Amino acid sequence: MLTWILGFIIMIVKLTLVMMVLLVIAAYLVWVERKFLARLQIRYGPNRAGIFGLLQPLADVVKMITKEDTVPDGADRAFFLIAPAIVAITAFLMFSVVPFGPDINLWGHRVPLVVTDLNIGLLFVFAMSSLSVYGVALGGWASNSKYGLLGGIRGAAQMISYELSLGLSLIPVVMMAHSFSLVEIVEAQMKYPFIIVQPLAFLIFVISAMAESKRIPFDLPEAENELIAGYHTEYSGMRFGLFFLGEYVHMMVFGGILSVLFLGGWRGPVLPPIVWLLIKIMLVSLFMIWVRGTLPRLRYDQLMTLGWKVLIPLALLNILVTGAVGMLIK
Amino acid sequence: MESVLEAVKALASGFATTFIHIFRKPITEQYPEYKRPLPIRARGRIILTRDPDGEERCVSCYLCSAVCPVSCISMEGAEKPDGRRYASWFRINFARCIYCGLCEEACPTSAIQLTTEFEFSKKDILSFVYEKEDLLVDHQGKDKEYCFYRYAGVISKYGGKGEHIGEEKPVDIKTNMP
């Protein structure tokens, strides 16, 4: 009974810590994005709130919370109110299977540094990623606005298409690690990170992950010059903030999963494991921002062509080759 | 295959361009700290200037008020004992003014002029109504030398008013008054 209570307490502490750290980092990721993107475009970026604009995320949060929370006339109220939460919650839940360090000993108890070590961790990530489509599609539909609806439909089509190549690109990794658990995938990268042997899978995963988190050049669901803001056109205040937050948490989660699957997770010399994971997540995020600062948005048909005619066949081919090589080595 | 190579090359050059930009100094001007020197004819707050003798230039001809597209200028003309006209009150509503500069162009005496001052935003909209004492300044503005009375009504070598060939005697407009 005592160990059960202890385990429960440890669980709650871990959940709270991960949630808090994620929230803070997501808030500052917005700052990093605005600052770095500005430098890519020879601007300064936010520099008024605090030194280097470091208080900008705080100011934004205060603004979002104090703004009026409007629900448009004719909106499907229940779905309209719940959609942003779906996006944010699924994004947070995805991080629960990402390990951020090796097991540690706490008063004689073995505490794994992961919120939950699911043996089907990777499938859980995909399930949550698919569920977040509901947030986008329902949010767009429930707004009762043509821009919202168009954005929602585009979002659903895009995310479902890229889910496929996202999943298929990871099969070779699972084949090499012999496990769906993210903890064991990190264990399997003891000698070398998987990016060395699976560069193609890495590339496909990066492209699909950017499409999944709806970032430029795949931001068709919110394309501001055609759809105003797409599926979150009608949202204001903190509900819009939740969509925004979800997007940035999503970006970090994909950074985390990318580093776990291909870059060796928390492994690295000298520095503690959590720091290494954060560094890797940050590098992936910086790369995504760099892509945003460089590439223009794809056209809708280009997006679909890239997904169905290029990425999925390539991913399938990659699975075949990995399987064949694996057989030969055995 | 060739098109793939071309696409990769194009992508690489794009990424290189943005990467180089990181190390360049941003071209943004940081406004409140750095104020760009404005050209002399930049259109900002309106003033009423004086002529080189220190007299008010405005002769209250109503031309600026007539030309103003948003009707933000109003005044009432009056006459000094020596016959020189002036505005007994002059009012500009800067909350309406669009700083188009048409009043300056219309003014025959260079009295009304636009300055480069533009930082006078306020929270109370009524405080944007500027009276004559707020508008009148003690200098000549952009036009240092000009004085209307040195050119208007001056007797030339061809004679005074109504003395040219075929010209009628001027009408005393005061006789038309009710």
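Q: How many bridges join strand β2 (residues 73-79) of chain B to strand β3 (residues 85-93) of chain B?
A: This is a predicted model, in which local features need pLDDT of at least 70, side-chain atom pairs count only at pLDDT 80 or more, and totals for chains, interfaces and linings use all residues. Residues are numbered from 1 along each chain as its sequence is written, while chains are lettered from A and ligands numbered from 1 in the order in which they are written. Strands (E, at least two residues) and helices (H or I, at least four) are DSSP runs numbered from the N terminus, and two strands pair if DSSP finds at least two bridges between them. β2(B) and β3(B) run antiparallel, and the bridges joining them number seven.

Q: Which residue in the turn between β2(B) and β3(B) has a positive phi?
A: The two strands form a hairpin with five residues between them. A phi of about 90 degrees in that turn belongs to B:Gly83.

Q: Which residue is the bridge partner of B:Asn93 in β5(B)?
A: B:Asn93 lies in strand β3 of chain B. Beyond four places in sequence, B:Asn93 is in contact (C-beta atoms, placed from the backbone, within 7 Å) with B:Cys72, B:Phe128 and B:Val129. Among these, the bridge partner in β5(B) is B:Val129.

Q: Is B:Asn93 buried, partly exposed or exposed?
A: A residue is buried if 20 or more other C-beta atoms lie within 10 Å of its own, exposed if 12 or fewer, and partly exposed in between, with C-beta atoms placed from the backbone. B:Asn93 has 17 such atoms, so this residue is partly exposed.

Q: How many residues of chain A are in contact with chain B?
A: On the chain B side, nine residues take part. By class, these are four nonpolar, four polar and one charged. Ala, Val, Leu, Ile, Met, Phe, Trp, Tyr, Cys and Pro count as nonpolar, Asp, Glu, Lys and Arg as charged, and the others, Gly among them, as polar. On the chain A side, the number is 10.

Q: Where in α3(A) does the kink lie?
A: Helix α3 (residues 77-94) of chain A has 18 residues and reaches 27 Å, close to the 26 Å expected, the latter being 1.5 Å times one less than the number of residues. Its buried residues include A:Phe80 and A:Phe92, and what covers them includes α1 (2-40), α4 (121-142) and α9 of chain A. Bend is the angle between axes fitted to the seven residues ending at a residue and the seven starting there. The kink is about 30 degrees, shortly before A:Pro84, at A:Ala83.

Q: How far apart are the end C-alpha atoms of helix α11 (residues 300-329) of chain A?
A: α11(A) has a kink of about 30 degrees at A:Leu311, shortly before A:Pro313. Its buried residues pack against α5 (146-177) and α7 (199-212) of chain A. At 1.5 Å a residue, 30 residues should span 44 Å, which agrees with the distance in the model, 42 Å.

Conventions
Contact = placed C-beta atoms within 7 Å.
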